[in-house]
Structures are given as structure tokens and as C-alpha cells.
2 protein chains.
Amino acid sequence: MLRDQKKKSTREKITRYALQMFKEKGYDNVTVEEIAAACGIAKGTFFNYFPKKEHVLLYVADSYASLMDDIIARHPDGPLKQRVLRILHDLLHIYTQHEELLRLTLIETIKAEIVSGSELTNISNFKNALRRLMEDAGEQDPRQRLSDPELSSGVVVGLFFQTLITLSSKMSEDGIYGSIERQLDAVWEGIGR
Amino acid sequence: MLRDQKKKSTREKITRYALQMFKEKGYDNVTVEEIAAACGIAKGTFFNYFPKKEHVLLYVADSYASLMDDIIARHPDGPLKQRVLRILHDLLHIYTQHEELLRLTLIETIKAEIVSGSELTNISNFKNALRRLMEDAGEQDPRQRLSDPELSSGVVVGLFFQTLITLSSKMSEDGIYGSIERQLDAVWEGIGR
DNA sequence: AGTCATTTATGACCTTGGTCATTTTTTATA
DNA sequence: TATAAAAAATGACCAAGGTCATAAATGACT
């Protein structure tokens, strides 16, 4: 199965170069032709791997989904609220690290979510992962049980992304985290129980 | 000042026809050339009025900003929480009424907000209007004073949009409103004070 | 009215995302 | 190894967004 290997390697090559170039020059300033040239393939071939230019980003967004699980796994114990807060902290950190890129994936992600109601994107993933975390925590320790994980996860996701969208351009990572922390504090007594 | 009248009328004509056509055929299935033709102007002229195709939508989004003030004015009294809830209700109703269109403006709005951190868009507007409402309510009636309107408005905006994004494709207006209502309920004891 | 400066309209043109019929490469089979 | 079928690569081609030099329209001033 030489074919499958090659396919995989080409796919990787495209994403690697594309992201690199997006980061350097900005999404709109990189043409598909340039990406293809950098990868040593024809423009048409690019579209054999990704139906639209944006799909490179959606593909990346998907890979962040498993990352969400990793982050959750990194904070296995302590009070649920603390765990959630630490998770948000890590997430925010990754966001600010890869800012340019995540800004883009965030847009495409939201776009895909709104236009097609597709499930497989970041926000839904994020929310689902959080909901599962809350459910699991409740099962393992009855004192941590939330009355409505669906609702609680929704609120948390909402405040996280809203803050990210509204503040990302005018505040430092610490500032944003502070805002998220205060919001979670304020909100927790309502949703945590 | 014939010129100014004409300019204004052309601008209006473009937005009217464009929105009409977007609603009928979908944003991507309407070309700028078609819009121009419908308006009796040349394609180039379109771009004299709007730098990009999407800006027609941003323009509309802006007009919804004042609509936000109207809605707020429509609910001048009662307990703050009730007012907020009724405002969200009206807003959601408008959203579902004009669903196709608002979906589009929502995307462009979020996009603009993320990429350029521009202030003059829907989400910031929404949040600001809500914050002002909360501040005003506190000034008029000390019992209604919130400790942190900035924070409270952020939470409310967050849960509203998050719910809209996540549920809009799979729930009725009532279902979505129900979810928003429950979330506000849960959250209010934390932010309302 | 005639002239000039400024604004607005125009359409030829360019760029780039995306399609598709055709060619090339890979795999399976005899 | 020869051959046929399937998959993948290719580049000519198209459509549509966006630019720009030029032309027309408008307004101010004499």
C-alpha cells in the first residue's frame, strides 16, 4: 500500500507548508498555487486533498479536538471548578501561543458551525468534551455532581469564546484569563450544583 | 446637493437588492455583477460603495445595532433579570424571523470582530448596549445595582451567542429560548448582584 | 453660459479559487 | 512481465471578486 503512505505524506506536507505560510504571510496573502509549489505538487492536486482552501484550517481544527481531550486528561483531580478553570487556562495559553493560526481556525470553525450546523467542529467538540468531563466527575464523586452538565458546559463555553472574541485584540493573556476567572467565579454558584 | 441624495439612494438600492437576492438565492449564489445589474449600475460602482462584497452585510449588521437600542427601549421596566430575558427573547425572535440573513451577518460580524478586533460590530454593540442597560438600571434603582455590569453583560452575551451558534440548526425558536432562559436562571444569582 | 476641480461611474483587466477532462502512476491479476 | 482497472496528478479552463486608469457627471465660481 505505497499509495496510502504517499497520500498521507502529501496531506501532511500540504498542511505543514500551508500553516507555515499562513502564519508568516497571513491567510489571504497565500495563494493555493504558492502552497502547491512549495509542496512540489500541482494546484489541482491540492484540491484533491482539500475541497476548499479553508478546509486546511478545518482539518487543523479537528486535530485540536483530540488536543482538548489531552488537556482534560492533564487535570485529573481536584474540585471540578478548579479543573475547569485550569483547562480553560491551558486552552487560552495554547490560543495565545498560536494566536494567528487559531484566530483563523476559530473563524472557519464558527463559520462552518453556523452555516451548516456541522457537529464536528471546535465549539461543539469543546462543549461536548466539557460536558463529558462534568458528567464523569459527577459519577466518580457524587458531591461533584452537577444538576445539568449540558447547561453548565454551555455557559462555560459561552463565556470562554465570548471573552476570546471580544478581548483578544486588546488584552494580554493574563488579562483575558483574569476576566474568564472572574466570570467563572460569578457563574459557578449557579451552574455548579 | 443632488450628489448626496443620489449617493444615499444608490447605497440603499444596493443593500435592498443585495439582501433581497441573498435571501432568495443564498449569499454565494449571487454575484456582484447580478446585484449591480439589478440596481442598474456597473460592477465597478458597487465597489465604490462597498470595498468588499461582504461589507453589505456588515453595513446591515451596523443597522441592527440601533435596533438593539430599540428593543431595549421596548422593555423599560420590571426587574432587571426579566428585562434582560425579554430583550433576549425579542432578539431571538428577530433572529429566527430573518434567519438566513442574520446567519450571514452573524458570520461576517464575528469574522470582522476576530480578525480586526473592530469595535463597531454586532457582538460588541450588543454587549455594550446590555452593559449600559445594566448600569442605568443600577443608577435608577439602587436595589437593581449589579456589582460588575461589564462581567454580567459578557456572560449574558456569551450564553446567548453560544446557544445560537450551537443550537440554531437543530432546535425551534422555543427550544432555543428555553435553553437561554434556563441558562440565565442558573447564572443570574452569580452575576445579578 | 463657460470653465475648472472634484466626485462618481465605468468597463477592461487581473488574480485567484475552484472544476474537469485527460494523462500518469499504482495496484492487482494472469 | 504484460495488461487492465482504479486511483491520483495535472494543467488548461472558467467564474467571480476586486483594481484601476479613464470618462462622465456634478458643483462652485466667474
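**Helix packing in a predicted two-chain model**

In chain A, helix α5(A) passes helix α8(A) in a right-handed crossing. The model is a predicted one, and the values that follow are computed from its atoms.

**Chain A as a whole**

- The secondary structure of chain A comes to nine helices and zero strands, so that its pattern, read along the sequence, is α-α-α-α-α-α-α-α-α.
- Chain A has 193 residues, of which 52% count as buried.

**Helices α5 and α8 of chain A**

- Two packed helices are described by the angle between their axes and by the distance between those axes.
- Helix α5 of chain A spans residues 80-97 and helix α8 of chain A spans residues 149-167, and their axes come within 12 Å and cross at roughly 30°.
- Because angles under 35 degrees count as roughly parallel, α5(A) is described as roughly parallel to α8(A).
- On the α5(A) side the contact is made by A:V84, A:L88, A:L91, A:L92 and A:Y95, while α8(A) contributes A:V156, A:F160 and A:L164.
- By class, the residues of this contact between α5(A) and α8(A) divide into eight nonpolar, no polar and no charged.

**Helices α4 and α5 of chain B**

- In chain B, the axes of helix α4 (residues 55-73) and helix α5 (residues 80-97) come within 9 Å and cross at roughly 140°.
- The helices α4(B) and α5(B) are therefore oblique to each other, given that the label roughly antiparallel is kept for angles over 145 degrees.
- The crossing of α4(B) and α5(B) is right-handed.
- The contact of α4(B) with α5(B) comprises eight nonpolar residues, no polar ones and one charged residue.

- Over all chains, the structure holds zero disulfides.
- A:C39 has a relative accessible area of 7% and is therefore buried, the cut-off for that label being under 20%.
- B:C39 likewise counts as buried, because its relative accessibility is 6%.

Key. Residues are numbered from 1 along each chain as its sequence is written. Chains are lettered from A and ligands numbered from 1 in the order in which they are written. This is a predicted model: local features need pLDDT of at least 70, side-chain atom pairs count only at pLDDT 80 or more; totals for chains, interfaces and linings use all residues. Side-chain values use heavy atoms; hydrogens and water are left out. A disulfide is a pair of cysteine sulfur atoms within 2.5 Å. Buried means under 20% relative accessible area, exposed over 50%, partly exposed in between (1.4 Å probe, protein chains only). Axes are lines fitted to C-alpha atoms, for helices over the stretch in contact, and angles run from 0 to 180 degrees between N-to-C directions. Helices (H or I, at least four residues) and strands (E, at least two) are DSSP runs, numbered from the N terminus. Angles under 35 degrees count as roughly parallel, over 145 as roughly antiparallel, 65 to 115 as roughly perpendicular and the rest as oblique. A crossing is left-handed if the near helix is turned anticlockwise from the far one by less than a right angle, and right-handed if clockwise. Ala, Val, Leu, Ile, Met, Phe, Trp, Tyr, Cys and Pro count as nonpolar, Asp, Glu, Lys and Arg as charged, and the others, Gly among them, as polar. Contact means heavy atoms within 4.5 Å.
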